[in-house]
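These are my notebook entries on one protein. I record in turn what I looked up.

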Amino acid sequence: MRISELARATGTTPRALRYYEEQGLLAPDRLASGYRHYDPRAAATVRHIQLLLSAGLNTTMIAEILPCVPDDVTVLAPTCPELLDALAGERVRITGAIERLEGARHILDRLIDHP
C-alpha cells in the first residue's frame, strides 16, 4: 500500500507517516520508483503508535515497545518484561502532568467563578 493509502486507512497524514519512519517506528519498502510501499500490517503498527503517542509516550519509548506488541490483541509480550520499569516511570511522569493540569484547571475555575 502506498503512503496516501496508509494515511487514509489510519486517519493520519503522509507527513506523520514519514515522521514515524524517520523515528524508526515504520520501515516501508522502497519501490524502484522510490515510492514507499507499506505492508498491510503497517496499519496496525500505526494504530499502536497513535495510541502510545496519545498516552503521552515519546517516540524513543515507542520504538522500544513496538517489538513487544506482536499483534492487535497482546498488550505487551511476555518476552519484554524489561520495559515494565520504564513504563512505570512513564506512568509516574504522566500522573505528575495530570496533577499539574488539574491544578491549573482549578485556578482557572476560581478565576472564572469569582471575577
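I began with the terms: helices (H or I, at least four residues) and strands (E, at least two) are DSSP runs, numbered from the N terminus. I noted that this is a predicted model, in which local features need pLDDT of at least 70 and side-chain atom pairs count only at pLDDT 80 or more, while totals for chains, interfaces and linings use all residues. Residues are numbered from 1 along each chain as its sequence is written, and side-chain values use heavy atoms, with hydrogens and water left out.

Entry 1, overall form. I found five helices and two strands in the protein. Along the sequence they follow the pattern α-α-β-β-α-α-α. I then looked up the radius of gyration, which is taken over C-alpha atoms; the globule rule is 2.2 Å times the number of residues to the power 0.38. The protein has 18 Å, whereas a compact globule of 115 residues would have a value near 13 Å. Its C-alpha trace spans about 65 × 35 × 25 Å along the principal axes.

Entry 2, helices α1 and α2. Two packed helices are described by the angle between their axes and the distance between the axes. I took axes as lines fitted to C-alpha atoms, for helices over the stretch in contact, with angles from 0 to 180 degrees between N-to-C directions. The axes of α1 (residues 3-10) and α2 (residues 14-22) cross at roughly 105 degrees and come within 9 Å. Angles under 35 degrees count as roughly parallel, over 145 as roughly antiparallel, 65 to 115 as roughly perpendicular and the rest as oblique. α1 and α2 are therefore roughly perpendicular to each other. In the contact (heavy atoms within 4.5 Å), α1 contributes I3, L6 and A7, and α2 contributes P14, L17 and R18.

I used "buried" for under 20% relative accessible area, "exposed" for over 50% and "partly exposed" for in between (1.4 Å probe, protein chains only). Of the 115 residues in the protein, 29% are buried. A nonpolar core is a set of buried Ala, Val, Leu, Ile, Met, Phe, Trp, Tyr and Cys residues joined through side-chain atoms within 4.5 Å. The largest one has 23 residues, and L17, Y20 and L26 have the most contacts inside it. At least two residues of this core come from each of α1, α2, α3 (42-54) and α4 (59-65). The most come from α3, which gives five.

Which residues does Y20 touch, not counting residues up to four places away in sequence? I listed T12, L25, L26, V46, I49, Q50 and L53.

T12 lies in the loop between α1 and α2. T12 counts as buried, at 17% relative accessibility. Not counting residues up to four places away in sequence, T12 touches A7, L17, Y20, V46 and Q50.

Leaving aside neighbours within four places in sequence, R18 is in contact with I3 and R36.

A44 has its place in helix α3, and A44 is buried, with a relative accessible area of 16%. A44 and A9 are 35 residues apart in sequence, and their C-alpha atoms are 10.0 Å apart in space.
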